[in-house]
Every structure is written in C-alpha cells, then in structure tokens.
Amino acid sequence: MLRVLVCVSGGGTNLQAIIDAQKAGSLGETEIVRVISNNPDAYALTRAKEAGIDAVCVSPKEYGNREDFHKALLCAIDEAKPDLIVLAGFLVVVPKEVISSYRNRIINIHPSLIPSFCGTGYYGLKVHEAALERGVKITGATVHFVDEGTDTGPIILQKAVEVHPGDTPKELQLRVMQQAEWVILPEAIRMIAAGEISI
Ligand code: GRF
C-alpha cells in the first residue's frame, strides 16, 4: 500500500482529482494518509475533511522564523510516514531538509509543458498569462519529481492542451486543469504505486 501525503495551498481541485481517482479504484494500492496546507483558508482542507482524510494546517504565520516553520512542516510530514509526497498547487518552496529526507519521493504538478513557462515566479495564473503573451498554440501540464531546483526535477508525465483564439488566462487555466492536470497527476501516482516509474 503506497502511503500518499498531499500538500496544498488553494482550491484543491488537483487533490479532488486524486480523491476521486482513488474512490474509483484507479489509483491502485494507495492510501491518502494526510493533507497538509500552509493556508488555513484553503478549500482543499475542506475537501480532505469531507473525504475523511486527516487534514493539517502548518502555517508560516504561526512561527517566529522560517526555520521553525520548516521544522514543523517536516514534523507534520514525518508523522504521517508517507511513501510519496504530492505537491498539488502547493505554493511553499519545499525546504531542503524535506527534499533530502524524501529524495525522489516528492512529485509536483506544474501547469505548463516544462521547460516552457516554469521556474521562479511561474505559478498559478501567471503561467497561463505568460503562455498567452508568448502566443503558443499548444500548452499543457507536467508531473515531475521535485529536487532542489524550481520545476527542474526529472519529468514523469506531460499532456498537451490546445490554446483557443481569444482564451483568457482563466479559461486556459481551467482547460489545462480539466484536460491535463486532473488526468496526469492521478496517473503518475498510479504508475508509482505500480512500480512503473524508476529514475
Ligand atoms: C492551479 O493554478 C493549478 O494550475 C496549479 O495549482 C493551482 C491550484 O490548483 N497546479 P488546485 O485547484 O489547488 O489543485
């Protein structure tokens, strides 16, 4: 049984896709053991609670300095004894102590076809604004392993999505989520649970 911990910051639609995939039996031998958010107001926490999943908030605002926040985050992760950590719209830079403790066991969903529109400053709607600004005809999403860089770890899955003429950033974001993110993130977890992924 693969013990999966999901880190979130916002609406949690990617978390919901994982929950729904597990309920549908398409995640294989997995258990979502904990959801952690840095944001107490994240609707993702509500989604977790409604699914009966242990939901924890570790907010940087609760700690006097970044180091104490990092220690608390690592402690909340270790407590759940995860085999895999999934960053699903998590807007916190993962502390290096977490990356070294969970080397090659952290994955992230990024809303573009890496190496396009990724790296520092490219998150959420900004990614789609940049894609529209550049005028690309195809964009998409990427699931990759997390290393010490920003969106730089080995790529696991990608899925392309068409940009439509006149798309607003919001319209493009929703299409990328619906057609790509919510498909490849659960699939990557299934592949890892099935032992189909090696680095
Ligand atoms: C969205 O911008 C999504 O593209 C990216 O993270 C943001 C929040 O996603 N992966 P979610 O609804 O919280 O999963």
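## Exercises on a helix, a cavity and a pocket

Just after helix α3, K81 takes a positive phi of about 50°, where helices (H or I, at least four residues) and strands (E, at least two) are DSSP runs numbered from the N terminus. The model is predicted, so local features need pLDDT of at least 70 and side-chain atom pairs count only at pLDDT 80 or more, while totals for chains, interfaces and linings use all residues. Residues are numbered from 1 along each chain as its sequence is written, and side-chain values use heavy atoms, with hydrogens and water left out.

**Exercise 1.** Describe helix α3 by its span and its buried residues.

*Solution.* Begin with the span: α3 covers residues 66-79, has 14 residues and reaches 20 Å from its first C-alpha to its last, which is close to the 20 Å expected at 1.5 Å a residue (the expected span being 1.5 Å times one less than the number of residues). Next, list the residues that are buried (under 20% relative accessible area, with a 1.4 Å probe and protein chains only): in α3 they are F69, H70, A72, L73, L74, A76 and I77. Finally, look for what covers these buried residues, which includes β1 (2-8), β2 (30-37), β4 (84-87) and α4 (96-101).

**Exercise 2.** Find the lining of the largest cavity and sort its residues by class.

*Solution.* First recall the term: on a 1 Å grid over the protein atoms alone, a cavity is a set of points where a 1.4 Å probe fits but cannot get out, and a pocket is an open set with protein on both sides within 12 Å along at least five of seven lines, while lining residues have an atom within 4 Å of a point. The largest cavity has a volume of about 40 Å³, a volume being the space filled by probe spheres set on the points, which are joined across faces, edges and corners. Its lining consists of C7, L73, I77, I85, L87, F90, V94 and V98, and the elements that give two or more residues to this lining are α3 and β4. Sorted by class, the lining has eight nonpolar, no polar and no charged residues (Ala, Val, Leu, Ile, Met, Phe, Trp, Tyr, Cys and Pro count as nonpolar, Asp, Glu, Lys and Arg as charged, and the others, Gly among them, as polar).

**Exercise 3.** Which residues lie nearest the centre of the largest pocket?

*Solution.* The largest pocket holds about 840 Å³ of space. Of its 36 lining residues, G89, F90, L91, N108 and Y123 lie nearest its centre.

Methods. Buried < 20%, exposed > 50% of the residue type's maximum accessible area, 1.4 Å probe, protein only. Contact = heavy atoms within 4.5 Å.
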